[in-house]
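Thanks, everyone, for making the time.

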Amino acid sequence: MGSLKEERKTTGWAARDPSGLLSPYTYPLRNTGAEDVVIKVICCGVCHTDLHQIKNDLGMSNYPMVPGHEVVGEVLEVGPEVTKFKVGDCVGVGCLVGCCNNCHPCNAEVEQYCNKKIWSYNDVYTDGKPTQGGFAGSMVVHQKFVVSIPEGMSPEQVAPLLCAGVTVYSPLNHFGLKGSGLKGGILGLGGVGHMGVLIAKAMGHHVTVISSSDKKKEEALDVLGADDYLISSDAARMQELADSFDYIIDTVPVHHPLEPSLSLLKLDGKLIIMGVINVPLQFVSPLLMLGRKTITGTFIGSMKETQEMLEFCKEKGVRSTIEMVKMDYVNTAMERLAKNDVRYRFVVDVAGSNLENE
């Protein structure tokens, strides 16, 4: 006889179609496997990717879809083989909930590059059921894809670190750019860009925010603590700062010229692309060759890097700038995010929201 244990359900806010409008949706959670952790969601950050996914901007959306991949919660239950967590622990879940565990990236502990990775939502789990994200009362996640939140860090502060934070930490870590005294540039000051400034400053770097206008100058320098602000159309200053940066983290998510950034890099400097852009970018090759410069891109970060990054942010007191909202405001938050009208990350107070009612 099969188990008659009642199926566990939760309520989240889901998009039903490419309008992206979110409303309450009750669905079953998978049965807890031996290495699974059942998590009661406390809060969840709102990432630009959530907006792209609910509106089917990438042409791969499946509905109903519960978004959210910057999830902080409390452990309610653990499977019999879970060794890393216990009931009551404060934990985080990021963009991924599965991988194949036997390819080169998985063996190298960079499972975010696994070709069979499973996304936290808008994907299919190993049991054939759709994955749903953190805009919901609870989630069931394999312990490999759960991180421990260091004691003393508040859940709402941690949420943006689980995607935006590790996205900038990972390339700095991988390319050996963690040492103090480096000179870095952050191109674009949205959710990822603001985390870039905070994390690079915490590493002891001289940080310049590069932008197309002076609109964000005051907040870059006075609020986030950047050392300098460079307007890319200011030819004299661009010339003055040519060949001086160790790296530039480019977070701009739309088509833009790469040559201005390449001209700012010193010998062996790296232009690290973070923005998801689905049209070809271009550059002239001598700009690379004459300074042995590199254009590269990285994608989120590994579970190992995520845990490391959380410890680093705790030690250095890195605090993201957030706006807390309840779930009944989430559709307005999405509209505002589409207009970049947020400083710098919305975080949904899931536990404090009535998920059943619109």
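Let me begin with a definition: a charge sits over a ring if NZ of Lys or CZ of Arg is within 6 Å of the ring centre and within 35 degrees of the ring normal. Please keep in mind that what you see is a predicted model.

With that in hand, look at Tyr125, where the charged end of Arg30 sits over the ring at 4.0 Å from its centre. A second case involves Phe245, whose face has Lys183 lying over it, 4.8 Å from the ring centre.

In one of them, Trp119 and Phe299 are arranged edge-to-face, with 5.5 Å from centre to centre and 85° between the planes. This pair links distant parts of the chain, since Trp119 belongs to strand β7, residues 118-119, whereas Phe299 is in the loop between β15 and α10, 180 residues apart. Trp119 is partly exposed, with a relative accessible area of 31%, and Phe299 is also partly exposed, at 28%.

Another pair is made by Tyr169 and Phe312, whose ring centres are 6.0 Å apart and whose planes are at 50°, so this pair counts as tilted. Tyr169 lies in helix α4, residues 164-174, and Phe312 in helix α10, so the pair ties together parts that are 143 residues apart in sequence. Are these two residues, Tyr169 and Phe312, buried or exposed? Both Tyr169 and Phe312 are buried.

Terms used
Residues are numbered from 1 along each chain as its sequence is written. This is a predicted model: local features need pLDDT of at least 70, side-chain atom pairs count only at pLDDT 80 or more; totals for chains, interfaces and linings use all residues. Side-chain values use heavy atoms; hydrogens and water are left out. Rings of Phe, Tyr and Trp (its six-membered ring) pair if their centres lie within 6.5 Å; planes under 30 degrees apart count as stacked, over 60 as edge-to-face and the rest as tilted. Helices (H or I, at least four residues) and strands (E, at least two) are DSSP runs, numbered from the N terminus. Buried means under 20% relative accessible area, exposed over 50%, partly exposed in between (1.4 Å probe, protein chains only).
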